[in-house]
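Here is a short briefing to read alongside the model. Have the viewer open, and take the topics in turn.

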Amino acid sequence: MAKELRVGMIGYGFMGRAHSNAYKRLNDFFAVQHRPVLKAVCARNAEKAKAFAEIWGYERVETDWRKVVEAPDIDLVDIGSPNDTHYEIALAAAKNGKMVLCEKPLAMNVQQAEEMTKAVEAAGVPNMVWFNYRRVPAIALARQIIDEGRIGQPFHYRATYLQDWTISPDVPQGGAALWRLDASVAGSGVTGDLLAHSIDTAMWLNGPITRVVAKTQTFVKERKHAVTGKVEPVQIDDACMFLAEFANGSMGTFESTRYARGRKNFNTFELNGADGSVYFDLEEPEYLQFFEYKQLQSGKKVESHLTGWRKIHTTNSEHPYMSHYWVPGTCIGYEHTFLNALADFVMGIESGKPAQPDFRNALQTQKVCDAVLESARTGRWTETGVELEAVGKAS
Ligand SMILES: NC(=O)c1ccc[n+]([C@@H]2O[C@H](COP(=O)([O-])OP(=O)(O)OC[C@H]3O[C@@H](n4cnc5c(N)ncnc54)[C@H](O)[C@@H]3O)[C@@H](O)[C@H]2O)c1
C-alpha cells in the first residue's frame, strides 16, 4: 500500500521545475512505497506561482514559506530558493518535524550550515542536499570503479567547472533573475555556485580535502543593480582556482569561472592513480572514460599489451541506475539525476540507511568552500577542518 509523501516546494525556478519533475516521475521508474503528492508550491509572486502550480499539479500556492513549513498536511519541505533563504527555512522545517531536502550550497557559510545540520539531527528528520551530479550514472560508475580498487593509490584530482554568461559588463546584478551576482543573496560567486558541485564530487570520489590555497578574481568591478538601477561594486568571485591536498595524500586542482567564452556548463574531472584513471565530461554525460594500467585476470592483476583508454557508454542495465530506465544503449538526461537522487532519498527512508549527501556531509563541502574563500583573502594555505568521518560515509 502506497504511503503519501506530501511535498511543500519552495521556489518555482530552475530547481523548482527539476525537483517537481522528479516527484512526478518517481513511481513511474522506481518501485518505492512512498508516493509523492504535490501539496503546495511557495514563491513570492502569487500569479507566477499559480501558473506553475497549474502546470505541475500542485494543489495550492503560498507566498510565505512559513505557511508551508508549519502546514500539518506537509511531510517534506524542499528548499529550491536562493542561497540566502536556505538557513531560515531549513531551521523552521526541522523544528516542525518535516523532512528537509535542500539545494546546494547548503548555506551562506559554515556557521549557518553547522546550525542547520544540528537542527535536522536534533529533530531526527530525514535530510539531504541536492548534489545531483553524484547521480549521473557515469559518475556513480567512477565511484564503483574506485571502490573496487581499480585506480590504486590516487595521485591527482583535476576538476573544472566553466561557464561564460557574465562576461558582458552590461549584465546587471541582483534581483529575481540575477541573484547569483549579488553576494548578499548568493554568499559567493563561482565558489558556492559551481565549485561546491566539484568539491562534493571530488570528496565523494577521492575522500576529504584537508588544505587549500586559492586565488579568486572579479573581472567586472561594478555593475548596475537590476532593481535599483544604481551602479554598485561587484562582491562575488567571477573566477576561482585552488590547489587542494586530500587526506589520502593526493593533490587536486580546481578551476571555475563564468568567463570561459564558449563554455556553458563545462563540468569535468579526472582522477589519476597508480593503477588507472577515470575522466568525466558533463557535455558527454553518458560516457565514463577509464584507463586501466593493470587488468584483472582470474582475480589477479597482470600487465597487458591491450591497455588503453576505454570510453564506457554507461547505458547498460548493470550500470548505476540504468536498470530503472530503457534498453541498453539508450540514454537518460540531466533531469534524471534529480529523479535518481530523490529515489535514493526515499529508499533511504524506507531502508533506514539514509542517503547521502545529508546535511552533515554537505557541511563538509561548505567548509571547503569557506576555506577556499578565506585562502583567497589571505593568500595562505588554509585548513578546511573537514570531518573525515562525515565524508567517508557510504552513500
Ligand atoms: N543542484 C543543481 O545543480 C542546481 C542548479 C541550479 C540551482 N541550484 C540551487 O538551487 C537554488 C535555486 O536556484 P534556481 O536556479 O532554481 O533559482 P531561480 O532563480 O530559478 O528560482 C528561485 C525561486 O525561488 C523563489 N524565491 C526567492 N526568494 C524566495 C522566498 N523568500 N520565499 C519563497 N520563494 C522564494 C523565486 O520566486 C523562484 O521561484 C539555489 O540555491 C541554487 O544554488 C542547484
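Two residues are in contact if their C-beta atoms, placed from the backbone, lie within 7 Å. This is a predicted model, in which local features need pLDDT of at least 70, side-chain atom pairs count only at pLDDT 80 or more, and totals for chains, interfaces and linings use all residues. Numbering starts from 1 along each chain as its sequence is written.

**Nonpolar core**
- Leaving out residues up to four places away in sequence, Val77 touches Gly8, Ile10, Val68, Val69, Ile89, Ala93, Lys98 and Val100.
- Val77 is also among the residues with the most contacts inside the largest nonpolar core, which has 105 residues; such a core is a set of buried Ala, Val, Leu, Ile, Met, Phe, Trp, Tyr and Cys residues joined through C-beta atoms within 7 Å, and buried means 20 or more other C-beta atoms within 10 Å of a residue's own.
- Domain 1 (3–125) and domain 2 (133–392) both give residues to this core, so it lies between them; the bounds come from an automatic or database domain assignment.

**Ligand shell**
- The ligand is surrounded by 21 residues (C-beta atom, placed from the backbone, within 6 Å), and the closest are Gly11, Gly13, Phe14, Met15 and Glu103.
- Helix H1 (14–29) gives the most to this shell, with three residues; helices are DSSP runs of H or I, at least four residues, numbered from the N terminus.

**Strand pairing**
- Strand S7 (residues 154–162) pairs with S13 (residues 266–273) in the antiparallel sense over eight bridges; strands are DSSP runs of E, at least two residues, and pairing takes at least two DSSP bridges.
- S7 and S12 (residues 251–257) run parallel, joined by seven bridges.

How values were computed
Buried ≥ 20, exposed ≤ 12 C-beta atoms within 10 Å, placed from the backbone.
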